[in-house]
Structure formats: structure tokens, C-alpha cells
Amino acid sequence: MKVARDVRSAAVVINAGSRRGAAPDLAVDAMRKAGVPISSVHHVLSGADLAGTLDRVLADGHDLVVVGGGDGTVSYAAGRVAGTNVVLGVLPLGTANDFARTLEIPNNLAEACATIAEGKVVDIDLGRANGEPFLNVASVGLSVSVTEALSPRLKRYIGPLAYSIATLTAYARHKAFRARLEFPDGDHEPMELDDLLQVAVGNGRHYGGGNTVSPTAGIDDHTLDIYAILAGPVREHVSIARLLKDGSFIKHDRVYHLTTRRVRLVTEQPLPVNLDGEIATTTPADFTIQRNAVHVVVPQSSTSALFDGPGAAGGPPS
């Protein structure tokens with residue numbers, strides 16, 4: 001199928017505060033010229049604006065909602081359309097754009113617009129942490145400090161390099177923590193982990209500006225990838241960092257890795273949880289996967305996900 005031919009009505013929601021969100025008009029024009037039946041365009045500047053705008057757009061009955069912004073914006077929108085037949089289109093206007101990278105959606109805005117007009121629809125899994133949605137990775141530990149060190153100004157002016165600078169800043173002041181992993185389905189024994197740098201739960205494949213969750217991770221595999229990195233000497237963390245891009249760091253001696261469909265993360269004191277670059281909940285946290293929950297437009301050539309049909313959907317997380 002081609003989306004422009006089969007969609008009845010589309011709305012566009014742009015996060016004007018995202019790194020490339022200040023000038024989206026050309027993108028809207030390009031989609032209209034390609035045949036996407038856009039009937040309304042909305043610009044938002046805050047999370048509250050985004051929530052209210054998405055509610056109104058969905059109430060209006062559009063069957064395609066194109067969201068322009070970074071991973072946090074797209075993740076929130078995915079949570080709103082999850083479990084419905086509304087199709088999500090993505091304009092990658094953020095700094096990392098890891099969700100777009102996972103689905104092979106072009107970072108080039110003109111090509112992303114062409115994808116929305118001419119692409120195919122797949123259904124993907126959605127992660128949940130205490131009910132809150134995430135597409136890429138949820139994490140506790142160092143990544144939270146990285147997020148706190150990332151300023152909008154830094155991201156806007158130096159782009160993906162901002163993640164490296166924020167990581168160095170966060171690493172210098174990070175404090176190790178303890179955690180317990182519990183597996184409600186009984187597929188793994190509980191794990192007590194001491195002296196941790198980070199615990200992450202991956203739903204997608206990419207995070208952190210192009211890092212890979214694991215060599216086998218996918219956003220359509222109906223599983224969560226969990227990794228825990230132990231604190232240690234700087235040289236050990238440097239060796240791990242060199243392996244982040246292809247995901248082979250999971251084989252490092254100071255990394256635990258496993259897959260599951262449900263996990264509960266408990267820490268001695270409540271710790272903030274980072275969901276796709278947004279601090280959205282705290283531990284204890286229950287992580288689940290909502291199978292085939294979101295319909296997304298991807299390039300015709302993308303092999304990152306399939307359309308399994310509504311009968312395959314696992315429903316909302318328990």
C-alpha cells in the first residue's frame with residue numbers, strides 16, 4: 001500500500017521546541033504535494049500542549065497522525081495511539097532520532113516526507129514502565145544524569161555531540177547503586193546486583209544517538225532486552241563505550257544481559273527512570289511489552305518490522 005492513497009484524513013503535530021522543529025512548513029507543503037490529505041496542522045511548545053493537542057486530533061477522527069519532534073515527543077504520541085488503528089507518521093526533528101533510525105526512516109526531512117506519502121505500514125511493539133510508554137530504551141542510573149545534563153541549547157547548537165559532552169559530565173558525578181530484578185513470568189531467577197552504573201530495558205534497537213541495545217534487538221520481536229553495567233575503573237567503561245555502537249558490549253565481563261517480556265526493577269531508594277530521554281517515572285518500576293501496539297509508516301525498503309495484523313496484538317500490558 002501507499003499511505004497517501006489509502007489515508008482519508010491526516011493531522012500534523014509539530015514540537016516547535018525540538019532541535020529542527022522551528023521551520024516545518026516546507027515539510028507540510030511537501031507532504032500535501034505528494035498527496036497526503038492533511039486537514040490540520042498544530043504546533044506545540046510543551047508537554048501539556050502536546051497531550052491536549054493529541055487528544056483533540058484523535059477525537060477528530062484522523063486515521064494518520066504525523067508527529068514531528070524528537071524521540072520523547074514521538075514516544076508520547078505512540079503511547080496515545082497504541083491499540084488503535086490510527087497510523088503514526090514520523091518527522092525526525094530531534095537530536096538523536098533513534099526511533100527513526102531503528103525503523104530506517106530517513107533523517108533527511110524531504111525523504112522523511114516522501115516516506116509518509118509512499119511508505120508502508122507496519123506494527124511495532126511498545127514498551128511500558130509503570131504504564132508510561134517508551135519506544136527505544138528505559139533506564140536507571142547514568143543515563144538519567146546524562147538527560148539532566150542535556151540542555152535544549154546544547155542539543156540545538158551542537159547536535160548529537162551533546163550526548164558525549166553530557167555523558168562525560170554525568171559520569172564524573174555518578175554514584176553507584178544497588179538493584180533487584182524480579183521476573184513475574186518465572187523465566188529467570190531474581191537477580192541482586194550491586195555497584196551498578198546503569199540498568200536499561202530496551203524495546204527498540206537504537207538509543208543514545210545511534211548506540212545499539214544488542215546485536216539481536218528489534219522493535220518487532222515481542223521481547224525486552226535488559227542489560228546492567230557494573231561500576232568499575234574508567235578503563236573498563238572506556239572499553240565498554242567502544243562497543244556501544246554495534247551492541248557487542250553485552251558480552252563484556254562487566255555487563256549482564258538477558259531478554260524477557262516482563263521485569264520489575266527495585267532499588268533501595270526510589271530512583272528516576274529515563275524513558276526515551278524524558279524522566280517519566282521512578283522505581284520500583286514494572287516493565288512490560290505491548291505487542292504490535294502501534295501502526296507506523298516506514299519506507300517500502302525497511303526490514304525492521306512487519307505488519308502482523310490486529311489479531312496478533314497482545315493488548316494492553318497487565
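My notebook entries follow, beginning with the whole chain and then going to single places.

**Entry 1: ground rules and overview**

I noted that this is a predicted model, in which local features need pLDDT of at least 70 and side-chain atom pairs count only at pLDDT 80 or more, while totals for chains, interfaces and linings use all residues. I also noted that residues are numbered from 1 along each chain as its sequence is written, and that side-chain values use heavy atoms, with hydrogens and water left out.

I looked up the elements and found 10 helices and 17 strands in the protein chain; helices (H or I, at least four residues) and strands (E, at least two) are DSSP runs, numbered from the N terminus. Of the 318 residues, 54% count as buried, where buried means under 20% relative accessible area, exposed means over 50%, and partly exposed lies in between (1.4 Å probe, protein chains only). I then looked at contacts (heavy atoms within 4.5 Å): among those between residues at least 6 apart in sequence, 72% join residues at least 24 apart.

**Entry 2: Arg 8**

Where does Arg 8 lie? I found Arg 8 in the loop between helix H1 (3-6) and strand S1 (10-15), and it counts as exposed because its relative accessibility is 66%. Leaving aside neighbours within four places in sequence, Arg 8 is in contact with Pro 37 and Asp 63. I also looked up His 62, which is 54 residues from Arg 8 along the chain, and the C-alpha atoms of the two are separated by 7.5 Å.

**Entry 3: helices H2 and H6**

I reminded myself that two packed helices are described by the angle between their axes and the distance between the axes. For helix H2 (residues 25-33) and H6, the angle is about 35° and the axes are 9 Å apart; the axes are lines fitted to C-alpha atoms, for helices over the stretch in contact, and angles run from 0 to 180 degrees between N-to-C directions.

Which residues meet between H2 and H6? On the H2 side I listed Ala 27, Ala 30 and Met 31, and on the H6 side Leu 109, Cys 113 and Ile 116. The residues of this contact divide into six nonpolar, no polar and no charged, with Ala, Val, Leu, Ile, Met, Phe, Trp, Tyr, Cys and Pro counted as nonpolar, Asp, Glu, Lys and Arg as charged, and the others, Gly among them, as polar.

Asn 97 has a positive phi of about 55° although it is not a glycine, and I found Asn 97 in the loop between strand S4 (87-92) and helix H5 (98-102). Glu 104 has a positive phi as well, of about 65°, and sits in the loop between H5 and helix H6 (109-118).

Are these two residues buried or exposed? Asn 97 is buried, because its relative accessible area is 6%, whereas Glu 104 counts as partly exposed, because its relative accessibility is 36%.

I also noted that the peptide bond from Thr 283 to Pro 284 is cis, with omega near 0°. Pro 284 is in the loop between strand S16 (278-282) and strand S17 (285-298).

**Entry 4: strand S14 and its partners**

Strand S14 (residues 262-267) has a covered face of Val 263, Leu 265 and Thr 267, and an uncovered face of Arg 262, Arg 264 and Val 266. I looked for its partners, given that two strands pair if DSSP finds at least two bridges between them. Strand S8 (residues 177-182) runs antiparallel to S14 and is joined to it by four bridges, with Arg 180 opposite Val 266. S17 also runs antiparallel to S14, again with four bridges, and here Leu 265 stands opposite Ala 285.

**Entry 5: two histidines**

His 222 is in the loop between strand S11 (211-212) and strand S12 (224-230), and it is buried, because its relative accessible area is 12%. Its side chain makes a polar contact with the side chain of Arg 291 at 3.4 Å; a polar contact is a pair of N or O atoms within 3.5 Å, where within protein one must be able to donate a hydrogen and the other to accept it, and residues adjacent in sequence count only if both atoms are side-chain atoms.

His 237 is in helix H10 (residues 234-241) and counts as buried, because its relative accessibility is 10%. The side chain of His 237 reaches the backbone nitrogen of Gly 232 at 3.3 Å.
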